[in-house]
Structure formats: structure tokens, C-alpha cells
Amino acid sequence: MVHKREEPRELRRGLKERHIQLIALGGSIGVGLFLGSATAIQAAGPSLLVSYLLGGVVVFCLLRALGEVAVAYPVAGSFSAYAHIFIGPLAGYVTGWMYWFMWIVTGMAEITAVGMYVNFWMPELPQWIPALVAVLIMTAVNLIAVEVYGEVEFWFALIKVVAIVLLIIGGLGMIIFGIGNGGVPIGISHLWQHGGFFPQGASGVLMALSMVLFSYVGIEVIGITAGEAKDPSKTLPAAIDKVFWRIVLFYVGSLYVIMSIYPWTEIGSVGSPFVSVFEKLGIGNAAAIMNLVVLSAALSSCNSGVFSTGRMLYTLAMQKEAPAFLGRLNSSHVPVYGVLFSSACLLVGVVLNYFIPAKVFTYVTSVGTFACLWVWAIIIIVQIKFRRSLSPAQTARLGFPMPWYPFSGIFCLAMLALVIVIMGQDADTSMALLVGPLWLLGLVFLYWRRSRNIK
């Protein structure tokens, strides 16, 4: 008699603390820091450092809120599962699909960028070929086992970290010892010589805040790893605390160095600030080196996107808020159909990116911006509701409590509300506040139709 082999029903806890730390670093240190930081510098000047520190406080509160609930409920769907439990099934449904769509849109942009970066070395190669290869490789990595994903993401993120550390060390050498400047120390006078430290006033700090917070997008992926973390009660708190300080150090440290070496008014006029610093240090082929770094950053984002969306679909299927087949696991305890479905959507995105008008693609990507704000707000609301559900004795036994509760959560929600107001002042970002709510209403309508059909 032949017995049918039972399918695995749970994800495997194969992610170590070093994996989780670098996954979170890789998720939040993206292409924007290496190529797009000049835009934020022009908005605020040297006071951008204040914007990043303020944004860092928001992210600290966000991570600790997520950590408190994740240590108590270490599940793969993270904030979608928590919203389902503590707010209601509709909130879980909307949050899960919002986050899935956010990563799909991000992935579409990243794999399109992969084609552009590869063209740096192979200008004759059509862009769609490296984009396709990137999706196929990342899909294979995510299907083998969670440990393989963790290891690949570890090395992708390490490339970015090494580039930032080298920039900070080399830049400090120029500032203090005059390395690359004929032995004459550059000093830090550029931070206040060109219109002062606050050249755009307090409004510059606030206007840059939305750009700063969105540069931290991806940090919440640390919650998705909870369902596959080894000993989550120890690895998650350690990873969250270490990741926060390292991210703030890397962002603030690199921008401090860049704006000390060059007048902020000149940054961005020619290429990436990172390339400019490396060239000043006398590093040959600086542009090629940074192209490799941003290529790894794009691949890292794509890799995390496939991982996150696969796990989110798995959770939605477990909650009966997505087709059941998306919750099936392969022999390596990986949500195989969730991963394949997300990868297929990424490929469709590559094709559409070439055929649909640029404005339509802009509308689609603006939904990702709205989804980020939604997910972050849900994380804080979930933590507040979770804490309110506990007795004083249960609160005392929390493994990783949110500090300064409830004021930290209220502060975080207030800052997110401020970002929405700031976004409404800019034509490019205000689109997200128009298109995003329409997507939200669409999800609510689909949930309502689905609920009626079930009845």
C-alpha cells in the first residue's frame, strides 16, 4: 500500500540573527541612498542630518512596536496576521494585500533598474534580458530553502554595508587628515558656510522628512522573518536593536561625510555623491564600483520582495483571505505557489513597464507609497491594541516591551500624519494620497463581495 506523503504545514525556522540583521539592513538601505540622496540634500541642506535623526526616532518606535508583538506572536504574516487578530479580518485582509502590492510595485521598479545597471557594462544587451534573469535567479533562491534566501540576502546587504563603511572611513580621513586633498584637512566648515546649517529653515527639515522616512521603507521586513527565525524571543530583539543603531549610523554618517567634503549646493550637479567621494579619494573606476553596489542593492530589494510577498500570500491563504493553493508548502517548507505567483506578477510588471504610458506606471507606484504609510500606521495601532488586551501581570512578563508606551506610539502616528500633510504640498507625492485611497476602497469592496459570496 502506497502512502501519500503529507505536505509540510508550517514554515521552517532557519533564519539566524545575522541573517535577520542583514535582511533588515538590506531592506532599508536601498538604491536611494547611493543615487537619490542628492535630492534630499537639496531640499534641506546640512539640516538633512536633523531630518534623518528625527526619522530615526520614528523608525525606532516603529521597530519596537513591531518587536513587542512579534516576540509574543512570531508568525510569518506579521502585521497582516496581527491586524487580523487585534483589529479585525478586514484590517488583516487589506493590510496583507496592501503590503503584497507595495513589494510587487517596488520589485517591478527594481528589476527594471537591474537592466539599466547591467547596460553600464553591456550597452548592447536588451534591458529585459537581465531583468528576466534577475527574477528567475531570485525565484530559485527563494524556492530552495529559507536558509538559502537568508544567506544570499546576507551577502547582498554586506556589499552595501561595506561600501558605506568605506565611504565613512575614507571621508573621515579626508576631513581630519587631508587624504586625497594634498594632505590639507578639509574640516567640516561646509556644514555651515553656505547659508548656515539650516539654509532652508525649519521648513526644509520638515519637507525632507517624507523623503527621509521613505528611505527607511523595508525595515518592517524584519517582522516577516519572525515566522522563520530561530529562537525568535532572542534573535528578534537583538536584531531589532542592532539594526536600528546601524541604520542611523550608516545614513547619518555617510551624509555627514558627503556634506562636509562638498558644499551642499554643489552635491547632485554631477552624478552620485558616493562616486564623487570615491573619485576624490583616488579610487579608480569609482563609477563601475558604485554601479556594482547599486546593482546588488536592486537585486537585494527584488530578493526581499519575492520573500516577503510569498510569506504574505501564505498568511492570507491561512486566514482564508487568499486562494488556498497559495498556502501550500514544498518539501523545504517554502510557500512555493506564493513565491511563483509573486514572481509571475513581477515578470508581467516588466512587460507592462515597457508598454503602458509612464503616467499610468506612476499612478501604480504611488499606491506603494500609500501602502507603506498604511502598514506603518497599522503596526502602531496593533501594538496599542495588543497592549490594551493584556492584564498588568501579562504586561510585566512581556519579552520585548515597547518603551514609553503609549506616548511613543502616539508620537509615531502624529509623525506619519505630518508626513501625509507634507506629501499633500508636493505635486509628485500628492498623487499617492489620491490614488492610494481608491486602491483601499477597491480592496474593501472585494472583501465585501467575497464575504457576501461566502454567506
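Residues are numbered from 1 along each chain as its sequence is written, and side-chain values use heavy atoms, with hydrogens and water left out. Because the model is predicted, local features need pLDDT of at least 70 and side-chain atom pairs count only at pLDDT 80 or more, while totals for chains, interfaces and linings use all residues.

Start with the salt bridges (a side-chain nitrogen of Lys or Arg within 4 Å of a carboxyl oxygen of Asp or Glu). The count is three. R18 pairs with E151 at 2.8 Å, N to O. R18 sits in helix α1 (residues 17-28) and E151 in helix α7 (residues 146-177), so this bridge ties together parts 133 residues apart in sequence. Helices are DSSP runs of H or I, at least four residues, numbered from the N terminus.

D241 and R64 meet at 3.7 Å, N to O. This pair links helix α11 (residues 232-261), which holds D241, to helix α3 (residues 48-72), which holds R64, across 177 residues. D241 is partly exposed at 29% relative accessible area, whereas R64 is buried at 12%. Buried means under 20%, exposed over 50%, and partly exposed in between (1.4 Å probe, protein chains only).

Helix α3 also supplies E68, which bridges to R387 in helix α15 (residues 358-388), so parts 319 residues apart are tied together. Here the N to O distance is 2.6 Å. Both R387 and E68 are buried.

Now the buried helix positions. I224 lies in helix α10 (residues 221-224). Its relative accessibility is 0%, so I224 counts as buried. Its contacts (heavy atoms within 4.5 Å) include F79, Y99, F307 and R311, not counting residues up to four places away in sequence. I224 and A70 are 154 residues apart in sequence, yet 9.1 Å apart in space, C-alpha to C-alpha.

S210, in helix α9 (residues 201-215), is buried at 8%. Beyond its neighbours within four places in sequence, S210 touches V419, I422 and M423.

Helix α12 (residues 273-280) is largely enclosed by the rest of the structure, because six of its eight residues are buried. Among them are F274, V275 and F278. G282 follows α12 with a positive phi, near 85 degrees.

Finish on the surface. F120, W121, M122 and L292 form a nonpolar patch with about 420 Å² of accessible area together. Patch members have over 30% relative accessible area and no salt bridge; like charges are joined within 9 Å, nonpolar side chains (Val, Leu, Ile, Met, Phe, Trp, Tyr) within 5 Å. Areas come from the Shrake-Rupley method with a 1.4 Å probe; for residues, only the protein chains shown count as cover. L292 belongs to helix α13 (residues 286-318) and is partly exposed at 46%.

Key. Helices (H or I, at least four residues) and strands (E, at least two) are DSSP runs, numbered from the N terminus.
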